[in-house]
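Here is a short report on one model. Look over the sequence and the fold before reading on.

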Amino acid sequence: MFKTMEKVEAHCDIPCKIYDPAIAQVAALSVVRLIDLLHEIDPSDSTLKSEAHKSRLVIEKETQAKIVKNEVTIIWGDYFKAPQIEAHPNIHNLVHDIMMTASKCKQDVKRENAEELVAKINEFATIFWKTKGIDTEIIKAPYPPELNIVRPKLESA
């Protein structure tokens, strides 16, 4: 019924050349926004509805931090090869810092940790686009928390 295979080879997590740090950027911004929403909750409100709302926000904050870690790990592990690493020897330390900062965001609700995560993801995005020979620009995100994000300068048609 099943054909036996002598050798199986794994490949990239996503189709080759389809890498973009934008998902990690949106997830990092979402962590900031979720922390902001948590801080907006009235601490004196201990109703079941309020507690359920807090729980949902915390769960989603942790999910978004995990998305950051997953997306960065995929790009770092599948895309960054010797030429990119040689051109950007700090990439390993930066990725490690992103992982540690995302973990801090999961463990706590300090906005400064989430802002640091966005800054590190922006640094990662800048390096990523530089390896592709694409210039970047900094813009303010058009949605809360309206922090600066790095995006590629793409030629118009």
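## Terms and basis

Contact means heavy atoms within 4.5 Å. Glutamine 64 touches Ala27, Ser30, Val31 and Leu34, leaving aside residues up to four places away in sequence.

This is a predicted model, in which local features need pLDDT of at least 70, side-chain atom pairs count only at pLDDT 80 or more, and totals for chains, interfaces and linings use all residues. Residues are numbered from 1 along each chain as its sequence is written, and side-chain values use heavy atoms, without hydrogens and water.

## Glutamine 64

Glutamine 64 sits in helix α2. Helices (H or I, at least four residues) and strands (E, at least two) are DSSP runs, numbered from the N terminus. With a relative accessible area of 12%, glutamine 64 is buried (under 20%; exposed is over 50%, partly exposed in between; 1.4 Å probe, protein chains only).

The side chain of glutamine 64 makes a polar contact of 2.6 Å with that of glutamate 60. Such a contact is a pair of N or O atoms within 3.5 Å; within protein, one must be able to donate a hydrogen and the other to accept it, and residues adjacent in sequence count only if both atoms are side-chain atoms.

## Helix α4

The buried residues of α4 include Ile91, Leu94, Val95 and Ile98. The buried residues of this helix pack against α1, α2, α3 (82–87) and α5.

Isoleucine 98 touches Val68, Val72, Leu117, Lys120, Ile121 and Phe124, not counting residues up to four places away in sequence.
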